[in-house]
Amino acid sequence: MGPRHRRLLCTGAVWRWCPWRGPGRKMAAEPGSVANGAGGMADSVRAPEEALFPPAFSVSEIKNKQRRHFMFLRWKQQRRKEKLANKKKRKKEREALGDKAPPKPIPKTIENQRVYDETTVDPTDEEITFDEATDEFAPYFNRQIVPKILITTSDRPRGRSVRFCEQLSTVIPNSHVYYRRGLALKRIIPQCISRDFTDLIVINEDRKIPNGLVLSHLPDGPTAHFRMSSVRLRKEIKRKGKEPTEHQPEVILNNFTTRLGHSIGRMFASLFPHDPQFIGRQVATFHNQRDYIFFRFHRYIFKSEKKVGIQELGPRFTLKLRSLQKGTFDSKFGEYEWIHKRREMDTSRRKFHL
């Protein structure tokens with residue numbers, strides 16, 4: 001006989017590693033095993049052993065696909081029960097200690113483990129204050145201009161892009177939708193400046209789906225190019241509210257912490273009028289998380305004096321910054337402040353730029 005082989009045998013509700021029974025060998029029947037007959041099976045069902053899996057056991061060693069999947073689900077169920085039992089145990093201990101209970105540990109997430117960025121904005125920094133007073137958005141924040149937005153599309157837009165532009169114009173006050181009709185952006189921008197438009201928004205599409213957004217601040221720039229994804233129109237949103245009113249919405253800019261993110265946040269803020277009309281209970285949110293900018297448009301629903309809810313109005317979409325260009329749009333001779341380079345910048349999951 002060669003070396004002894006081992007295999008995984010099912011004995012009731014327990015899996016055990018057992019040596020291969022060679023010639024002249026008999027495997028001893030264990031309590032609760034199949035060899036003990038129906039009584040043994042009943043004992044196994046009534047009193048299963050604590051260890052469901054042998055030590056150093058790997059589900060991937062099971063060759064049968066169905067059996068491997070079954071054992072994996074069983075292993076997940078066992079882990080879930082252990083986790084729930086530990087959670088209940090910790091909760092009882094905290095209730096028993098009362099005020100003397102130690103503070104809850106802060107869970108580790110990608111956000112709170114973020115690599116420190118040297119360009120993080122400090123509002124009290126004199127250099128930041130000087131830059132804000134002299135940049136391209138200073139006339140807007142000094143209330144010298146009133147936002148006036150032009151929204152257009154790529155050449156020959158499809159129905160979905162057209163509907164998205166129309167719904168976006170209801171979110172941004174004092175915005176106007178015009179179709180390209182084959183005009184180049186270099187010809188559109190001078191016409192916008194002559195008609196006192198302060199910003200130009202271009203919605204690009206691919207295969208009938210909006211996939212890009214170009215935002216250019218007029219007349220001196222800058223110009224930002226975003227990749228757009230997860231676009232949902234109003235009719236595609238569940239439990240949506242009624243059509244938005246003409247009230248000027250409140251604007252929330254969340255988590256734009258670096259110098260680059262600060263510039264992008266000021267660019268979004270310059271699209272909306274200064275004084276929101278709170279009576280309309282509408283709010284536009286630009287939330288930055290892991291360099292993805294999530295846009296939501298909600299309405300406050302006051303249920304009582306202490307409780308308030310929100311109702312999404314739509315549309316919704318997600319933006320990812322590709323580049324920030326100085327001046328207005330110029331694809332050939334434009335000077336770029338920042339360009340996203342995937343192979344060089346995405347080496348760490350905990351490194352963010354906005």
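**Cut-offs and what they label**

Mentor: In this predicted model, Asp125 counts as partly exposed, since its relative accessibility is 31%.

Trainee: Why is Asp125 called partly exposed rather than buried or exposed?

Mentor: Buried means under 20% and exposed means over 50%, with partly exposed in between. Asp125 has 31%, so it counts as partly exposed. The residue sits in the loop between helix 2 (65–97) and helix 3 (126–134).

Trainee: Which residues make up the patch of positive charge?

Mentor: Arg79, Lys83, Lys87, Arg90, Lys91, Arg94 and Lys104 gather there on the surface. Lys91, one of them, lies in helix 2.

Trainee: How do you know whether Lys91 is buried or exposed?

Mentor: The cut-off for exposed is over 50%. Lys91 has 55%, so it counts as exposed.

Trainee: What makes the nonpolar surface patch?

Mentor: Phe72, Leu73 and Trp75 make it, with an area of about 270 Å². Nonpolar side chains are joined within 5 Å, and each residue needs over 30% relative accessible area. Trp75, in helix 2, has 33% relative accessibility and so counts as partly exposed.

Trainee: Why is helix 7 described as largely enclosed?

Mentor: Helix 7 covers residues 259–269, and eight of its 11 residues are buried, so the rest of the structure largely encloses it. The buried ones are Leu260, Gly261, Ile264, Gly265, Arg266, Met267, Phe268 and Ala269.

Trainee: How do you know that Arg266 belongs on that list?

Mentor: Buried means under 20%. Arg266 has a relative accessible area of 9%, so it is buried.

Trainee: And how is Arg259 classed?

Mentor: Arg259 has 32%, so it is partly exposed.

Trainee: What makes Arg259 and Asp131 a salt bridge?

Mentor: The limit is 4 Å from a side-chain nitrogen of Lys or Arg to a carboxyl oxygen of Asp or Glu. The side chains of Arg259 and Asp131 meet at 2.5 Å, N to O. Arg259 is in helix 7 and Asp131 in helix 3, so this pair ties together parts 128 residues apart in sequence. Asp131, at 24%, is partly exposed.

Trainee: What distance does the pair of Arg266 and Asp135 show?

Mentor: Their salt bridge has an N to O distance of 3.0 Å, against a limit of 4 Å. Asp135 is in the loop between helix 3 and helix 4 while Arg266 is in helix 7, so the parts they tie together are 131 residues apart in sequence.

Trainee: How many salt bridges does the rule give?

Mentor: The count comes to 11.

Trainee: What is the phi of Arg281?

Mentor: Arg281 is also not a glycine, and its phi is positive at about 60 degrees. Arg281 is placed in the loop between helix 7 and strand 9 (282–289). At 30% it counts as partly exposed.

Trainee: Which omega values go with the bonds called cis?

Mentor: Most peptide bonds are trans. From Leu218 to Pro219 the bond is cis, with omega near 5 degrees, and the bond joining Gly221 and Pro222 is cis with omega about 0 degrees. Pro219 lies in the loop between strand 6 (209–217) and strand 7 (223–232), and Pro222 is found in the loop between strand 6 and strand 7.

Technical notes
Residues are numbered from 1 along each chain as its sequence is written. This is a predicted model: local features need pLDDT of at least 70, side-chain atom pairs count only at pLDDT 80 or more; totals for chains, interfaces and linings use all residues. Side-chain values use heavy atoms; hydrogens and water are left out. Helices (H or I, at least four residues) and strands (E, at least two) are DSSP runs, numbered from the N terminus. Buried means under 20% relative accessible area, exposed over 50%, partly exposed in between (1.4 Å probe, protein chains only). Patches are made of residues with over 30% relative accessible area and no salt bridge: like charges are joined within 9 Å, nonpolar side chains (Val, Leu, Ile, Met, Phe, Trp, Tyr) within 5 Å. Accessible areas come from the Shrake-Rupley method with a 1.4 Å probe; for residues, only the protein chains shown count as cover. Lys and Arg count as positive and Asp and Glu as negative; His and the chain ends are not counted. The place of a charge is taken as NZ of Lys, CZ of Arg, CG of Asp or CD of Glu.
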